[in-house]
Amino acid sequence: MKIVLLLSVFISSIFAQTVMCYKKDVETSQVDMNMKLDGERCNGNFSAKDMKSHGWELKETKIVEKDSEYTHMYIFTKPDRKISFIYRGDTQKPYFNTAQRELDIFATTDETAKIAKGNLKIGQSGMILNTDNPSDLLISYATVIESNDQYSVIEFRDRDILKQNGLPTAKLRPKNGDKFILNHLYNTSLLIVPNIKSKVVVHTTFPNQNFLSEDFFAAYLKVEDKPAPTRKDIQAFCTKHEIGTLFIVIKNGVFIVDTLSFNVLESFQLPINDFSTIEPFYTNISKIESSIFTTIEKSVKHFIDKGEVQIVEEKISSYNDHFSKLLEL
């Protein structure tokens with residue numbers, strides 16, 4: 001059923017100066033407000049406490065573990081100027097179902113199983129729980145590889161791909177009667193857009209979706225010295241932050257991607273009509289660059305993806321081209 005909406009959205013927001021400071025290779029995961037931080041503005045001289053004393057608001061913090069050491073990331077903001085604009089558009093309301101559904105698996109083999117739910121998207125994912133114990137155990141993840149009117153076939157995936165510390169795991173294999181939780185984590189998304197209008201339109205069109213701040217993804221890329229994110233970079237970030245779906249805007253289209261399979265699940269045309277781009281994408285985090293060592297390494301290093309030798313990009317020269325290639329459009 002076609003639903004025609006006339007959207008008249010008045011947006012009044014505070015545009016702020018935003019900076020990201022960080023500290024790599026910290027031995028503890030405990031927040032230390034007195035620790036001297038690296039990065040923009042801090043430059044090894046200021047702590048989070050110092051930044052607050054200079055009028056910066058600590059907007060968000062994130063601590064990421066890697067090889068038993070921790071990277072502490074702090075995002076600070078300072079009010080800049082107030083702007084207002086109007087967005088109006090006639091559009092058909094897109095529908096994207098993120099609801100989880102619990103299904104029994106059957107016809108289980110070492111690699112696949114079936115679920116009594118048809119007409120699913122190839123690449124939809126979920127987690128498999130062993131239900132023999134009083135407390136359900138996460139034993140695998142799976143993605144849809146076949147689907148018809150009667151049932152769908154799911155393929156088991158490495159359970160560490162989207163490992164969650166909050167769920168117990170066990171060295172068990174899926175079996176008949178275990179539960180498949182379809183669309184697990186789908187209501188939490190990362191949004192990548194080329195400009196502010198694209199962000200406004202997507203947030204307005206999908207008001208119930210939980211979008212993690214793109215500034216955290218940009219901060220992650222900055223700490224990792226990766227100005228041109230690859231599929232693996234996006235998946236690694238989504239793994240750490242338990243994000244099930246990725247929304248990417250390319251021109252007037254929004255593409256919804258499963259972060260485990262990286263398949264496009266849905267795509268919609270939206271009345272954005274602003275083709276301006278900010279590289280690598282719209283974010284308040286600036287100067288996402290490769291380090292001198294990363295630049296030297298990447299200049300001579302190739303990687304193999306699907307049997308093809310490709311050059312690792314130093315930076316994004318065209319937003320639309322880069323993310324179109326990423327989605328294989």
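Q: In which loop is Thr283 found?
A: This is a predicted model, in which local features need pLDDT of at least 70, side-chain atom pairs count only at pLDDT 80 or more, and totals for chains, interfaces and linings use all residues. Residues are numbered from 1 along each chain as its sequence is written, and side-chain values use heavy atoms, with hydrogens and water left out. Helices (H or I, at least four residues) and strands (E, at least two) are DSSP runs numbered from the N terminus, and in these terms Thr283 is found in the loop between strand 15 (264-269) and helix 5 (292-300).

Q: Is Thr283 buried or exposed?
A: Buried means under 20% relative accessible area, exposed means over 50%, and partly exposed lies in between, with a 1.4 Å probe and protein chains only. Because its relative accessibility is 13%, Thr283 counts as buried.

Q: With which side chain does the side chain of Thr283 make a polar contact?
A: A polar contact is a pair of N or O atoms within 3.5 Å; within protein, one must be able to donate a hydrogen and the other to accept it, and residues adjacent in sequence count only if both atoms are side-chain atoms. The side chain of Thr283 reaches the backbone nitrogen of Ile285 at 3.1 Å, and at 2.8 Å its side-chain partner is Asp215.

Q: What is the order of the five strands in the open sheet?
A: Two strands pair if DSSP finds at least two bridges between them, and strand 11 (residues 188-192) pairs with strand 12 in the parallel sense over three bridges. Across the open sheet of five strands the pairing is mixed, and the order is 12-11-13-14-15.

Q: Which are the edge strands?
A: An edge strand here pairs on one side only. In the sheet with the order 12-11-13-14-15, the edge strands are strand 12 (210-212) and strand 15.

Q: How many aromatic pairs does a search of the whole structure find?
A: Rings of Phe, Tyr and Trp (its six-membered ring) pair if their centres lie within 6.5 Å, and planes under 30 degrees apart count as stacked, over 60 as edge-to-face and the rest as tilted. By this rule, the search of the whole structure finds ten.

Q: What is the distance, centre to centre, in the aromatic pair of Phe96 and Tyr186?
A: Phe96 is buried at a relative accessible area of 13%, and Tyr186 is buried at 1%. Their pair is stacked, with 20° between the planes, and the distance centre to centre is 6.4 Å.
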